[in-house]
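Let's take a walk through this fold together. Have a look at the structure first, and then we will follow its strands and helices.

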Amino acid sequence: MAEIEIDGVPADAGQVAALGLLNYGHFTTLRAEAGRVRGLTLHLDRLVRDGRTLFGTGPDREVLRRRIRSVLPADGSAVIVRVTVFDPALGLERPGADAAPRLLVTTRPAPAAAPAPLRVRTTEYRRELPEVKHVGLFGLVRQRRLAQLDGYDDALLVGPDGLVTEGATWNVGFHDGRQLVWPEGEALPGVTAALLGRAHPGPQRRGPVAAGDLGRFEAAFALNAGVGVRPIAAVDGTAFDPAHPVLAALRTAYERIEAEEV
């Protein structure tokens, strides 16, 4: 059963509506199972860092832990937890007023099975304030919708210079047969990507990845906290092997990362 709490108590409809109407805040999404989360410290770091950027103050880490613990299922089943930081008292006319951010914590069941490989198309788009995981998702959802209406699963964002940056709500990586290649550019610093970068035992580098030169790679993959490592089967007209051995190795490396107790 889904949980929706604000500061540890059942959410008030008016407060939740305020988030939708003003659309100013930030969040992180994590997967919790048996009371543990991979990369929990990095998720907390993100909430504190982004809070300082948007509100001039970040939430307390121990309070964040308590709020997350309060919504976890007693049976330890896997859930996706989203922690959103916003101030329901801020209005459209005076968003510069002193802020008192609140914590909105929601849950939904985690996917029971690994999702199918993605087929994505490139689109020229840059998220506003890309270094922050903010709630302004309209542009990303529109790009995803347009891609799906065109027969794809999702959108891969490309800058005006033709370089790949990130997926709509995920980071992206490639393998050229010798090493992992992480695109450089303005993108959200993902927790899953950071964890995998630390755990992967092989060579890797960060550098420019041109959308028009993806054929030089043997494998491509998407990353986020909800699903971990997800194969990409195609980008535009370039196909990749979704069963490439490196993908299994990456998933194994990720699954071996020790989760932290909430």
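Start at Glu5, whose bridge partner in β6 is Val105. This is a predicted model, in which local features need pLDDT of at least 70, side-chain atom pairs count only at pLDDT 80 or more, and totals for chains, interfaces and linings use all residues. Residues are numbered from 1 along each chain as its sequence is written, and side-chain values use heavy atoms, leaving out hydrogens and water.

Strands β1 (residues 4-6) and β6 (residues 102-109) pair in the antiparallel sense over 3 bridges. Here, strands (E, at least two residues) and helices (H or I, at least four) are DSSP runs numbered from the N terminus, and two strands pair if DSSP finds at least two bridges between them. Both belong to an open, antiparallel sheet of 7 strands, ordered β2-β1-β6-β5-β3-β4-β16. Its edge strands, β2 (9-10) and β16 (260-261), each pair on one side only.

Now look for the largest nonpolar core, with 22 residues. Such a core is a set of buried (under 20% relative accessible area, 1.4 Å probe, protein chains only) Ala, Val, Leu, Ile, Met, Phe, Trp, Tyr and Cys residues joined through side-chain atoms within 4.5 Å. Ala32, Ile68, Leu72, Val81 and Val83 touch the most other members. Helix α2 gives the largest share, 5 residues.

Elsewhere, β7 (residues 118-124) pairs in the parallel sense with β14 (residues 228-235) over 3 bridges, and Leu118 stands opposite Ile232 in β14. β7 also pairs in the parallel sense with β8 (residues 154-158), over 5 bridges.

Conventions: Buried < 20%, exposed > 50% of the residue type's maximum accessible area, 1.4 Å probe, protein only.
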